[in-house]
Amino acid sequence: MDSAVQCLLFGRHAGRHFGFLDSLEHGLGLWVGWLEAEPELVELPDCSETGPEPDPAGCCLFAGHVERHTWEAPL
């Protein structure tokens, strides 16, 4: 899967990987989740967390994701 869709969770991690495919209706995204080589399409709600002021960017991952929010990613 990593050659076609990249996992958007940060760093090396145990468990399922998730790659973003498309936006659906407001607040919902189509993701592909996989563990080893078994992909599964899943509809997941958007993460509702926002970053700190003065420019509070929204997180680009799904609700309940593990690890950091996207605004916390190293540049």
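These are my notebook entries on a predicted model of one protein chain.

**Ground rules.** I number residues from 1 along each chain as its sequence is written, and my side-chain values use heavy atoms, with hydrogens and water left out. Since the model is predicted, I ask for pLDDT of at least 70 for local features and 80 or more for side-chain atom pairs, while totals for chains, interfaces and linings use all residues.

**Overall layout.** I looked up the secondary structure and found 0 helices and 3 strands (DSSP runs numbered from the N terminus: H or I of at least four residues for helices, E of at least two for strands). From the N terminus on, I read the order as β-β-β. I boxed the C-alpha atoms along the principal axes and got roughly 40 × 30 × 20 Å.

**Surface and burial.** I noted that buried residues make up 31% of the 75 residues (buried is under 20% relative accessible area, exposed over 50%, partly exposed in between, with a 1.4 Å probe and protein chains only). The chain exposes about 5300 Å², and carbon and sulfur atoms supply 53% of that (Shrake-Rupley method, 1.4 Å probe).

**Salt bridge.** I searched for a Lys or Arg side-chain nitrogen within 4 Å of an Asp or Glu carboxyl oxygen, and the count came to 1. Arg16 pairs with Glu40, with 3.1 Å between the closest N and O atoms. Arg16 lies in the segment before β1 (17–23) and Glu40 in strand β3 (residues 38–45), so this pair ties together parts 24 residues apart in sequence. I have Arg16 as partly exposed at 33% relative accessibility, and Glu40 as partly exposed at 41%.

**Aromatic rings.** I found 3 aromatic pairs in the whole structure (rings of Phe, Tyr and Trp, the last by its six-membered ring, with centres within 6.5 Å; planes under 30 degrees apart are stacked, over 60 edge-to-face, the rest tilted). One of them is the tilted pair of Phe18 and Phe62, at 4.7 Å centre to centre and 55 degrees between the planes. Phe18 sits in strand β1 and Phe62 in the segment after β3, 44 residues apart. Both are buried: Phe18 at 12% relative accessibility and Phe62 at 7%.

Trp31 and Phe62 make an edge-to-face pair, 5.1 Å centre to centre with 80 degrees between the planes. Trp31 belongs to strand β2 (residues 28–35) and Phe62 to the segment after β3, so the pair ties together parts 31 residues apart in sequence. I logged Trp31 as buried at 2% relative accessibility. Phe18, Phe20, Trp31 and Phe62 form one aromatic cluster.
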